[in-house]
Amino acid sequence: MSPAPLLCVRDLSVSYPSRAGTTRALDGVSLDLDPGEFLGIVGESGSGKTQLLLAMLGLNAQGAQLAGSIQYRGQQLLGASQRTLATLRGRRIGMIFQDPMTALNPYLTIGTQVTEGVRLHLGVGRRAARRRAIELLEAVQIPEPERRLAQHPHELSGGMRQRIVIAMALICEPEILLADEPTTALDVTVQAQILALLRELRIRTRAAIVLVTHDLGVIAAVADRVLVMYAGRVVEQAGVEQLFAAARHPYTIGLRRSIAELDGPLPERLLSIGGNPPNPAALPPGCAFAPRCAQAFERCQSAPPPLVSIAPGHTRACYFEGPLEMHSP
């Protein structure tokens, strides 16, 4: 019998009303996160990836209207009190933000910021918290950790700052680690180091990790399972090997074609997906990807396709049943 999911999201919607209309950031998203699982969430900017992570922590912007269900170990988080959510943040669910310079306070030392979580949530004293911070900085491969505790964020490189943010997220040993594009602003070498670190930490801490990115190549390197998002909806979901061997949604195929295969011949040029993502405040009545899709037909314009199972562990939201072409309109 398989263990119950750590995190269970059902039919989650996030919208932002305004005078210009309602912006739908998420529309009917469902997912399960199992203990120790490495889940990748991929999609272009504006697809709703970050909004999904923020909803899990109750951190959506003021004015957001949420509907659906988010349960952590059976505890309902949607609509929970700020006190309840504050207790879970950092202690049970950790977050690695995209930009470490905005996640870190420029006026406080690294030591103050890294130890804050363990002192707040676990009531650990100053000396014990400092020892724990040094252990974590060593674990994320920060050289001279004791000296770093006295430094400020601007004194560290981008790669070191990102490792500091990872250490802060891990210091209370959370069961779930949410990572919002943690390698975007880093060079290729440091990106590879951070991804290797996440893989190692997942094995060592047994934490479940949710990694948000726009890069399928990153997902291929670390994830067990992949959710592909477009315009606030999940359009395909599968195990990582299954997705790369037999993607079944035109958008997923477009993303795959935009990256080079490491073990294949170098293409003359990488192909992009034609057109632009839709305005979330003015989504079409049918499939949001239809204006960019070579396989779109009349039915695609009338209603969004539901997410249906097409193989064990593999779902997609697409009306087209024939062989998928490898080009955009």
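Strands β7 and β8 pair in the parallel sense over five bridges; two strands count as paired if DSSP finds at least two bridges between them. Within this pairing, Asp180 has Val212 of β8 as its bridge partner. Helices (H or I, at least four residues) and strands (E, at least two) are DSSP runs, numbered from the N terminus.

The model is a predicted one, in which local features need pLDDT of at least 70 and side-chain atom pairs count only at pLDDT 80 or more, while totals for chains, interfaces and linings use all residues. Residues are numbered from 1 along each chain as its sequence is written, and side-chain values use heavy atoms, with hydrogens and water left out.

Strand β3 is joined to β8 by five bridges, and the two run parallel. Here Val42 stands opposite Thr213 in β8. How many residues of β8 are buried? Six of the six are, so the strand is largely enclosed by the rest of the structure. Buried means under 20% relative accessible area, exposed over 50%, and partly exposed in between (1.4 Å probe, protein chains only). Both faces of β8 are covered, with Ala208, Val210 and Val212 buried on one side and Ile209, Leu211 and Thr213 buried on the other.

These strands belong to an open sheet of eight strands with mixed pairing, in the order β6-β7-β8-β3-β9-β10-β12-β11. Its edge strands, each pairing on one side only, are β6 (93-96) and β11 (308-311). From one strand to the next the twist averages 20°.

Helix α1 (residues 49-57) lies across β3 (38-42), β6, β7 (176-180), β8 (208-213) and β9 (225-230), and runs at about 145° to β7. Helix α11 (residues 250-257) packs on the sheet, where it touches β9 and β10 (233-239), and its direction makes about 105° with that of β9. Axes are lines fitted to C-alpha atoms, for helices over the stretch in contact, and angles run from 0 to 180 degrees between N-to-C directions. Contact means heavy atoms within 4.5 Å.

The chain as a whole comes to eleven helices and twelve strands. Its C-alpha trace spans about 65 × 50 × 50 Å along the principal axes. Of the 329 residues, 46% count as buried. Among contacts with a separation of 6 or more, 64% involve residues 24 or more positions apart.

The structure holds zero disulfides, a disulfide being a pair of cysteine sulfur atoms within 2.5 Å. Cys287 is in no disulfide, and the nearest cysteine sulfur, that of Cys300, is 6.1 Å away. For Cys300, the closest cysteine sulfur is that of Cys287, too far for a bond. Both cysteines are listed below.

| Residue | Relative accessible area | State |
|---|---|---|
| Cys287 | 15% | buried |
| Cys300 | 8% | buried |
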